[in-house]
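Here are some notes on the two ligand sites. Please read them with the structure open.

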Amino acid sequence: MRDFTFYSPTEIIFGSHAEEKAGEAVRRYGGSRVLVVYGGKSAVKSGLLERVEKSLLMSGLCVEKIGGVQPNPLLSFARNALSKALDFRADFILAIGGGSVIDTAKAVAIGAANPHTDIWNYWLGKETVSKSLPLGCVLTISASGSESSDSAVLTDDAHQDKRGLNTPFNRPRFALMNPELTFTLSPKQIACGVTDILMHTLDRYFTPMQGNELTDALAEALMRTVIHYGPQAVQTPNDYQAQSELMWAGTLSHNNLTGLGAEKEFAMHQLGHELSGFFGVTHGESLSAVWNAWAGYVYKEDPARFARYACNVWQLEVQTDTESAALEAIKKTKQFFSLLGMPTSLSELLGRPLEADELMKLADKCSRGDTRKISKLKPLGREDLLRIYTAANREAKAEL
Ligand code: NZQ
Ligand code: ZN
């Protein structure tokens with residue numbers, strides 16, 4: 001096990017009616033002027049926005065709102081929301097939504113505390129965050145884990161550049177998590193969320209680290225839970241048991257618990273972010289579309305690890321050689337995504353195969369013009385990334 005620091009300070013308030021505690025939670029964390037950030041229309045339509053606003057007003061807080069965050073949130077929108085926060089002199093930012101809304105709120109919280117510079121400078125690594133406004137969230141979709149993660153992912157719409165910023169200042173002070181709020185999600189949104197939750201742990205699990213037993217066991221239990229309850233939630237969105245298991249798994253899958261003591265991987269996420277940056281596809285879909293090609297390209301680096309995954313996650317009997325078990329587990333994962341209705345190739349994702357120059361652009365961008373390698377299991381440079389995108393382009397639909 002490698003040395004690590006575990007910092008996950010977000011207070012989790014989980015269960016029925018959690019959102020009604022918004023007012024008292026903001027007060028507890030020192031807010032008095034709250035900017036509420038929300039998405040397209042789901043929070044308005046379900047009455048959630050109104051309920052949360054009521055809770056804030058009952059606690060004597062001043063409230064301003066900004067709605068309209070779209071999936072794969074845009075830098076231009078975050079800048080507008082930031083102007084509103086500054087005009088209003090907000091001292092607390094409250095997100096109502098999923099990863100897109102929470103990440104926008106994180107950008108606003110950083111920008112409002114640092115009005116001397118453009119927020120994107122932090123994403124570009126030109127400046128380091130040293131302060132931000134306090135932030136809380138009411139979670140409406142189990143997926144990104146942004147409700148307690150240190151990450152915020154935005155797309156610079158002027159340059160089709162989707163990238164994340166990791167800083168401890170991104171950790172929300174609290175997350176209000178009522179699984180019933182997810183009952184209004186479409187099966188597709190649930191499936192995308194399930195994929196993302198699974199991938200946050202898969203992206204941590206496949207590392208060169210050996211002998212990290214407790215972390216591995218936690219990761220495996222989490223993945224088994226998601227595999228068990230994911231299809232159930234897609235089938236029956238108002239299944240409380242399934243949605244609550246997914247909601248808790250979503251948080252634990254990305255607060256770093258399932259990767260402690262190992263190096264962080266995140267190859268799939270890097271590959272996927274380029275697809276969302278170029279084509280605007282949903283985050284979960286961008287991940288399922290490349291998983292199989294990535295796994296097929298790297299498993300030979302550590303077939304025993306993939307065989308362990310076969311045994312402890314997919315509960316396959318590994319009687320034969322490790323290579324066969326590894327390949328069987330990769331196939332099982334692909335079938336799981338297909339069962340959820342997720343794309344498992346670029347053709348399925350985009351409705352057409354990509355041209356050679358498009359694949360090259362993706363590989364070039366993902367390797368930052370061949371200046372960085374991603375992944376630790378097998379360091380992947382531009383040529384490797386091109387091979388993976390090319391394999392993903394060819395992948396046929398999984399046989400169920
Ligand atoms: O905008 P509304 O109308 O609310 O609709 C949203 C949106 O269309 C809808 N939705 C959310 N809750 C709902 C609902 N519809 C009905 N009922 C509800 N209860 O769902 C759609 C997707 O929402 P979004 O916030 O985009 O989903 P998700 O939570 O998957 O977030 C995706 C974003 O998070 C980033 C992704 O890259 C992507 O930009 N990520 C953020 C991470 C982080 N900050 O730690 C880590 C992740 O790996 C990920 O990269
Ligand atoms: Zn993700």
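How many nonpolar, polar and charged residues does the shell around ligand 1 have?

1. The shell has 9 nonpolar, 19 polar and 4 charged residues. Keep in mind that this is a predicted model.

2. In total, 32 residues surround ligand 1. The closest are G40, S42, S100, S149 and H200.

3. T140 has an N or O side-chain atom 2.8 Å from a nitrogen atom of ligand 1. For T184, a polar side-chain atom lies 2.7 Å from a nitrogen atom of the ligand. H269 instead faces an oxygen atom of ligand 1, with an N or O atom of its side chain 2.9 Å away.

4. On its own, ligand 1 exposes 950 Å², and the protein buries 88% of that. Elements giving two or more residues to the shell are α5 (99-113), β6 (151-156), α7 and α10.

5. Ligand 1 lies between domain 1 (11-181) and domain 2 (186-393), because both give residues to its shell.

6. Now the metal. Ligand 2 is a zinc ion, coordinated by D196 (OD), H200 (NE2), H269 (NE2) and H283 (NE2). The distances run from 2.0 to 2.2 Å. In sequence, the donor residues follow the spacing D-x3-H-x68-H-x13-H.

Technical notes:
Residues are numbered from 1 along each chain as its sequence is written. Chains are lettered from A and ligands numbered from 1 in the order in which they are written. This is a predicted model: local features need pLDDT of at least 70, side-chain atom pairs count only at pLDDT 80 or more; totals for chains, interfaces and linings use all residues. Side-chain values use heavy atoms; hydrogens and water are left out. Donors are N, O and S atoms within 2.8 Å of the metal (3.2 Å for Na, K and Ca); water is not among the atoms, so sites may look incomplete. A residue is near a molecule or strand if one of its heavy atoms lies within 4 Å of it. A polar contact is a pair of N or O atoms within 3.5 Å; within protein, one must be able to donate a hydrogen and the other to accept it, and residues adjacent in sequence count only if both atoms are side-chain atoms. Accessible areas come from the Shrake-Rupley method with a 1.4 Å probe; for residues, only the protein chains shown count as cover. Helices (H or I, at least four residues) and strands (E, at least two) are DSSP runs, numbered from the N terminus. Ala, Val, Leu, Ile, Met, Phe, Trp, Tyr, Cys and Pro count as nonpolar, Asp, Glu, Lys and Arg as charged, and the others, Gly among them, as polar. Domain bounds come from an automatic or database domain assignment.
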